[in-house]
Amino acid sequence: MKARAAQAALLVLSLSAFAANALAQQRLLVVATTTDLKSLAEAVGGDQVLVTSMVPPAMDAEDYQPRPQDLGRLRHARMVVRVGLDYDLWLDRLLRQANNPALLRGADGYVDASFAIALLDVRGSAVGPQGGHAHGSGNPHYWLDPANAQIITATLLEALARLDPANAKNYEARRLAFLDRLAPKLREWEAALSGVQGKPMLAYHNSWAYFARRFRLNIAGTIEVKSGIAPSPAHLALLLRTMREMRIKLIVKQPFESEKYPAFLAAKSGGAVVVLAASVGALPEAADYFALFDYNIKALSTAVRASKD
Amino acid sequence: MADALAMLWLPFLAAVCLVAIHTWFGIQVLARNIVFVDLALAQIAALGATVAFMLGHAAQGGASFAYSFAFTLAAALLLAFTRQWAGRVPQEALIGVIYVMAAATAFLLVDQAPQGAEHIKQILTGNILTVGGDDLILIAPLYAMVGIVHALLRNQLTSPQSGWWWDFFFYASFGLVVTSSVALAGVLLVFSFLIIPAAIGLLYAERLSRQLAIGWAAGSLASLAGLVLSYCLDLPTGATMVCVFGAALAAAGIVWPLRGGSAEKLRSAGAIVRCAFAVMLALSGLWLMTAPRADQPLVDVAEYAVPRLRSAYMREVELETWRDADDHAERYRREAERLNQREAQSRWHGKPLAEGEVRRISSFLKSYAEMRNGEEFVKREVRARARERTRWVLGSGLILLGLAVAPWWRNGRKASEVLRDKHGELS
């Protein structure tokens with residue numbers, strides 16, 4: 001009797017384990033290069049997808065060094081989402097190594113989130129392979145315009161619906177819910193920054209073009225002219241002159257960017273340095289896509305108010 | 001000018017302070033044959049600061065410094081003890097191992113806290129341009145103190161018979177200096193400060209005081225030249241200064257065999273230079289003949305410096321095409337820049353551009369970039385064809401020029417003999 005009960009219990013246990021396993025397997029495995037895309041993919045995919053991101057938050061995605069585990073993730077994934085525009089060039093090599101035909105450029109599982117975005121700062125030609133043509137690549141920080149989330153989520157929705165048609169309705173509903181939540185938030189953010197409009201500020205790296213366009217900010221100069229190369233003394237002198245002439249009191253930087261130059265310029269001009277998160281998770285307060293903007297907008301408006309006093 | 005002065009005087013003072021202490025240490029380091037010890041100690045100090053950071057201490061606080069210094073002391077102890085087995089395994093090997101271990105460990109630690117990546121980078125990539133008055137007030141007395149103590153104890157420090165504790169004292173004080181100087185000026189520049197003035201001093205003098213004086217003078221001059229050059233040419237300061245220091249050492253090395261300045265020496269030096277030129281010209285000529293479409297470094301540089309040289313081998317039609325393409329490329333670039341500026345302005349000023357307008361601008365920009373690429377292609381192609389057509393004439397011209405420059409006969413002696421003598425003298 002006892003043995004039978006134990007047997008039954010074992011059966012139930014193993015069945016439920018099997019079910020849980022099957023459920024996990026049913027979840028569509030998605031690999032995103034950055035946490036921002038992960039956050040948006042989760043917003044559309046909900047619990048039908050399992051999204052991992054490769055670049056840890058608060059790390060410079062442009063010089064990320066892939067880990068061995070990334071390869072394993074790509075081998076098992078059904079979909080890969082990248083920023084594109086030469087921002088995550090290292091992914092190309094990784095995809096070649098992973099040898100997963102479902103994720104190759106042109107396959108259903110390959111999603112370049114920059115698709116259909118209205119690009120800013122298009123200069124010169126792209127370095128990456130772009131299907132034979134060398135399109136001028138633009139500024140890659142497009143997720144920092146919350147209105148672009150509409151386009152990115154649409155791209156994600158299309159790809160998810162193609163891979164998993166059975167759940168297409170769910171994905172669509174989730175995207176609409178996300179957009180419903182985004183619209184009032186966007187108005188709220190714009191209102192919060194209305195006092196900052198046109199106020200000149202400096203940025204460390206040219207990461208804020210889309211953000212500035214959406215919220216009408218005047219980024220009058222950047223400290224880093226070429227990515228990863230220290231500014232020359234003549235450029236710093238020019239920035240100091242600009243700061244004096246335009247009465248710039250604010251320098252925006254990301255957590256991983258050098259403290260030295262912003263602190264140096266701030267000390268010489270009596271300005272303040274504001275640390276903003278350019279991607280989800282870069283600061284503990286910016287836990288998801290909404291929190292990212294909540295935090296940045298609060299930090300920026302607080303800093304502007306403080307600089308007035 | 002006022003801008004330049006305001007920007008450069010503090011960095012210059014800092015450079016002079018750094019050169020002053022590092023030349024002294026550099027002479028010691030060269031004598032002990034442990035050239036890369038500063039890299040190892042700096043990396044160990046960075047590791048200490050990283051550990052402090054991981055334990056939750058502020059990035060630039062007392063705790064961070066204490067950890068750095070404790071780690072440096074441990075490394076100093078290790079280095080002092082291992083001098084004994086320097087006979088069997090060179091000490092430089094251990095220094096290298098310490099360096100890579102410290103760097104790798106720091107990377108592994110930082111991997112756990114991405115926010116730390118910037119922190120560790122900052123410790124090792126200081127920039128002399130952002131030195132402030134408060135930094136100078138800290139380092140100047142510190143270096144002066146270390147310098148005075150070392151000057152008083154120099155007999156014990158330099159004698160090879162001294163016990164290990166003198167070694168320990170040397171490494172510990174050196175660690176103290178390097179920890180602060182690397183944070184200020186970065187690894188590359190500190191290495192140059194350490195080795196190059198000392199090497200120039202050793203090259204030109206026997207007595208320690210003269211070596212120091214020459215090193216200080218050379219280091220200060222090179223720092224000044226590097227800072228001014230980086231301002232005028234709009235280049236990153238640290239890298240420019242390192243290159244100027246390197247050039248100073250090269251100049252000192254070239255002039256060294258000529259000191260005393262006898263006519264014979266000067267003449268043979270001239271022969272070497274002319275020989276080098278001749279070989280360069282002849283090789284370029286040959287290269288132009290074999291691969292006229294490949295990169296032609298010498299011809300390209302000459303053309304870049306004197307654009308009129310193009311008319312020497314291009315026909316009038318080709319020149320016309322080339323100029324036309326150049327004009328158009330420049331026009332497209334300006335046009336694209338104008339559009340970019342208009343868009344950037346509209347982000348905050350006046351009426352915001354509609355989404356469609358932004359798309360239109362970005363597709364215009366892409367087209368301009370493509371068109372510019374096309375014009376650049378035309379320029380390259382026209383030039384390549386002209387070079388292909390004239391390769392035999394141009395190539396043999398270059399070779400002949402090389403032959404003309406070569407020092408064939410000099411006072412009845414063959415240049416090769418002069419060279420051989422020179423070689424014997426040097427080795």
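**View 1. Pairing of strand 5 and strand 7 in chain A of the predicted model.** A:Ala203 has A:Val252 of strand 7 of chain A as its bridge partner. The two strands concerned, strand 5 (residues 200-203) and strand 7 (residues 250-253) of chain A, run in the parallel sense and are joined over two bridges. They belong to an open sheet of four strands in chain A, ordered 6-5-7-8 and paired in parallel. Strand 6 (218-222) and strand 8 (272-275) of chain A form the edges of this sheet, each pairing on one side only. From one strand to the next, the twist averages 35 degrees.

**View 2. Helix 8 of chain A against the sheet with order 6-5-7-8.** Helix 8 of chain A, covering residues 233-246, lies across strand 5 and strand 6 of chain A. Relative to strand 6 of chain A, helix 8 runs at about 155 degrees.

**View 3. The sheet of chain A with strand order 2-1-3-4.** This open sheet consists of four strands with parallel pairing. Its edge strands are strand 2 (49-53) and strand 4 (110-112) of chain A, and each of these pairs on one side only. Neighbouring strands are turned against each other by 20 degrees on average, direction ignored.

**View 4. Strand 1 and strand 2 of chain A.** Strand 1 (residues 28-32) and strand 2 of chain A pair in the parallel sense over five bridges. Within this pairing, A:Leu28 has A:Val49 as its bridge partner in strand 2 of chain A, and A:Leu29 stands opposite A:Leu50 of strand 2 of chain A. Strand 1 of chain A is mostly covered, with four of its five residues buried.

**View 5. Packing of helix 1 and helix 10 in chain B.** Helix 1 (residues 2-32) and helix 10 (residues 208-232) of chain B pack at an angle of about 150 degrees, and their axes are 9 Å apart. Angles over 145 degrees count as roughly antiparallel, and helix 1 and helix 10 of chain B are therefore roughly antiparallel to each other. The crossing of helix 1 and helix 10 of chain B is right-handed. Helix 1 of chain B contributes residues including B:Ala4, B:Met7, B:Leu8, B:Pro11, B:Phe12, B:Thr23 and B:Trp24 to the contact. On the side of helix 10 of chain B, the contacting residues include B:Gln211, B:Leu212, B:Gly215, B:Trp216, B:Gly219, B:Ser220 and B:Tyr231. The residues of this contact of helix 1 with helix 10 of chain B comprise 16 nonpolar, six polar and no charged.

**View 6. The contact between chain B and chain A.** The contact takes 34 residues from chain B and 41 residues from chain A. On the side of chain B that touches chain A, two or more residues each come from helix 1, helix 5 (115-124), helix 10, helix 11 (237-255), helix 15 (316-346) and helix 16 (355-389) of chain B. Helix 16 of chain B gives the largest share of this side, eight residues. By type, the residues of the side of chain B that touches chain A divide into 14 nonpolar, 12 polar and eight charged.

**View 7. Chain B as a whole.** Chain B has 18 helices and two strands. Of its 427 residues, 36% count as buried. Among the contacts in chain B between residues at least 6 apart in sequence, 76% join residues at least 24 apart.

Conventions
Residues are numbered from 1 along each chain as its sequence is written. Chains are lettered from A and ligands numbered from 1 in the order in which they are written. This is a predicted model: local features need pLDDT of at least 70, side-chain atom pairs count only at pLDDT 80 or more; totals for chains, interfaces and linings use all residues. Axes are lines fitted to C-alpha atoms, for helices over the stretch in contact, and angles run from 0 to 180 degrees between N-to-C directions. Angles under 35 degrees count as roughly parallel, over 145 as roughly antiparallel, 65 to 115 as roughly perpendicular and the rest as oblique. A crossing is left-handed if the near helix is turned anticlockwise from the far one by less than a right angle, and right-handed if clockwise. Two residues are in contact if their C-beta atoms, placed from the backbone, lie within 7 Å. Ala, Val, Leu, Ile, Met, Phe, Trp, Tyr, Cys and Pro count as nonpolar, Asp, Glu, Lys and Arg as charged, and the others, Gly among them, as polar. Two strands pair if DSSP finds at least two bridges between them. A residue is buried if 20 or more other C-beta atoms lie within 10 Å of its own, exposed if 12 or fewer, and partly exposed in between; C-beta atoms are placed from the backbone.
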